[in-house]
Amino acid sequence: MTDLAPLRRALLSVSDKTGLVTLGKALAARGVELLSTGGTAKALREAGLEVKDVAEVTGFPEMMDGRVKTLHPAVHGGLLALRDNNDHVAAMQEHGIAGIDLVVVNLYPFEQTVAKGAQYDEVIENIDIGGPAMIRSAAKNHGFVSVVVDVQDYDVLIEQLEAHDGHTTYALRQRLAQTAYARTAAYDTAVSTWMASQVGETPRRRSFGGTLAQTLRYGENPHQDAAFYLDGSNTPGVATARQLQGKELSYNNINDTDAAFELVSEFDPAEGPACAIIKHANPCGVARAETLTEAYKRAFDCDRTSAFGGIIALNQPLDGATAEEISSIFTEVVIAPGADAEAQEVFAKKKNLRLLTTDGLADPSAAGLAVRQVSGGYLVQDKDIGRILAEDLKIVTKRAPSDQEMADLMFAWTVAKHVKSNAIIYVKDGATVGVGAGQMSRVDSTRIAARKAQDMAEAMGLPAPLTQGAVVASDAFFPFADGLITAAEAGATALIQPGGSMRDDEVIAAADEAGLAMVFTGMRHFRH
């Protein structure tokens, strides 16, 4: 092996024809012989290029509906032969195998086929076999062979050929090989993940793949390297949003924006505007209202201090009036399913504010996986898509909730799903008025939420704490009555919680004694 390897013969077989003709012409101009198959060969010929069918090389036609076309020693021998190994060279000469110095392959669109909801048999037919085999053969022999799997590497390859008189450097071939193996790994991940969903059993092995979207300046802290990868699902959210303005998103921005968007997507825009304000992955205010501006103002009034420098998510397109309100304080990111011209004009004055727009909201009922790395492994679980309807609730106290209390209880329960455990949420008239998150003790979360509400009432010049007449949601059961009693002392009138504690009877008795209404969901929403 030498640093520079000549490129005399190339095999091109691509599903995505973007940039194909430009690459083909650049190769042909350097006298590179072009081998190809099917639609790729047709596209090259239509551009006036001379192309040899792979069938001419193998002596076998494409068969079995294209399942078999490149799986042949004439192809893989040409890719895998070590050019400086006398035995390999002799075998090539004996069997009439010519070297192949470049493979350009992008695979059957398996991920896109799954995403569009195709039937089982169609998905199976979009599992590429020959493509990954050629990619892996070429990548293994990167000492002599170049392999390109991404359109964005076409220009890099052409530049190298021009700079080195039709040769590629080892450094480039090595980098291309790494990219190639990562691509086949991600492809196999997509196939195995889909197959696991069809089999319906916990798979013995799990793999995860992604495509680099951007390299980040740093991670959670400046001493940590970080990058953002896409899983190819194309679901609405921070991964697929269009950034209309503002500086590059940071690691923490992306994490918090995802949390905000997932939360606000719980609220159907057909049922009215909603706003969620997130700080450090926890909501510091969530509200619904008649207008988007009012929803934002009510969410902001839950905790004005924490909202400073926060992330704002809206369930309806951003309008100019709401943008004016938001721009009155420092905000890191705003994400919404659209933004009108007036809103964009308002935000244009805040050049550091990131404005993201999406093609819709996330589907809170869509199944998925949540993955977390631990030392030596991964924890994998189903995404929490649990939802409770009012008719699913069990009223356990002597007093039933009023209609308004029930509406607020359902709102509070929806928010609780997105608050770090232990989670306590006070809600009044469709808006959070106190949030206690991530405490080691549930009663501490209750106290913190109430204290925040009292601080806000004092800041707003109100005579009573915001929790007066509010309802409370707890993401898990109250193990003792103390948390419930603290909520009652703060002015709460009704509670929603999973139930299931050994002391449920004690907690229910305390609720009855305080004149509270309480309902059990039978479902918890731990979020760690």
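**Entry: a nonpolar patch**

I start with a term: patches are built from residues with over 30% relative accessible area and no salt bridge, joining like charges within 9 Å and nonpolar side chains (Val, Leu, Ile, Met, Phe, Trp, Tyr) within 5 Å. A salt bridge is a side-chain nitrogen of Lys or Arg within 4 Å of a carboxyl oxygen of Asp or Glu. Accessible areas come from the Shrake-Rupley method with a 1.4 Å probe, and for residues only the protein chains shown count as cover.

I must note that this is a predicted model, where local features need pLDDT of at least 70, side-chain atom pairs count only at pLDDT 80 or more, and totals for chains, interfaces and linings use all residues. Residues are numbered from 1 along each chain as its sequence is written, and side-chain values use heavy atoms, with hydrogens and water left out.

Which residues make the nonpolar surface patch? I found F208, L369, V371, Y378 and V380, with a patch area of about 440 Å². Strands β16 (369–374) and β17 (377–382) each supply at least two of the patch residues. Helices (H or I, at least four residues) and strands (E, at least two) are DSSP runs, numbered from the N terminus.

I looked at Y378 next. Y378 sits in β17. Its relative accessibility is 52%, so Y378 counts as exposed. The cut-offs are these: buried is under 20% relative accessible area, exposed is over 50%, and partly exposed is in between (1.4 Å probe, protein chains only).

**Entry: the whole chain**

I stepped back for the totals. The protein chain has 528 residues, and 48% of them are buried. I counted 19 helices and 23 strands. The C-alpha atoms fill a box of roughly 95 × 50 × 40 Å along the principal axes. The accessible surface comes to about 25,500 Å², and carbon and sulfur atoms hold 50% of that.

I also checked contacts, meaning heavy atoms within 4.5 Å. Among contacts between residues at least 6 apart in sequence, 56% join residues at least 24 apart.

**Entry: strand β13**

Is strand β13 enclosed or open? Five of the five residues of β13 (residues 310–314) are buried, so the strand is largely enclosed by the rest of the structure. In a regular strand the side chains alternate between the two faces of the sheet. In β13, G310, I312 and L314 point one way, while I311 and A313 point the other way.

I then looked for its partners. Two strands pair if DSSP finds at least two bridges between them. Four bridges join β13 to β11 (residues 274–279), and this pair runs antiparallel. I277 stands opposite I312 there. Four bridges also join β13 to β14 (residues 331–336), and this pair runs parallel. A313 has I335 as its bridge partner in β14.

The chain goes from β13 through helix α14 (residues 320–326) to β14, in a right-handed β-α-β crossover. Right-handed means that, with the strands pointing away from the viewer, the path from the first strand over the helix to the second runs clockwise.

**Entry: F267**

I found F267 in the loop between α11 (251–264) and β11. At 4% relative accessibility, F267 is buried. What does F267 touch, leaving out residues up to four places away in sequence? The list is A274, V286, R288, N315, L361, F411, T414 and V415. I also checked F267 against L314: they are 47 residues apart in sequence, and their C-alpha atoms are 9.6 Å apart.

**Entry: salt bridges**

How many salt bridges does the structure hold? I noted 19.

I picked D303 and K452, whose closest N and O atoms are 3.0 Å apart. This pair links distant parts of the chain, 149 residues apart: K452 is in helix α17 (residues 442–459), and D303 is in the loop between α12 (292–300) and α13 (304–307). D303 is buried at 9% relative accessibility, and K452 is partly exposed at 31%.

R304 and D301 also meet in a salt bridge, at 2.9 Å from N to O. R304 is partly exposed at 33%, and D301 is partly exposed at 23%.
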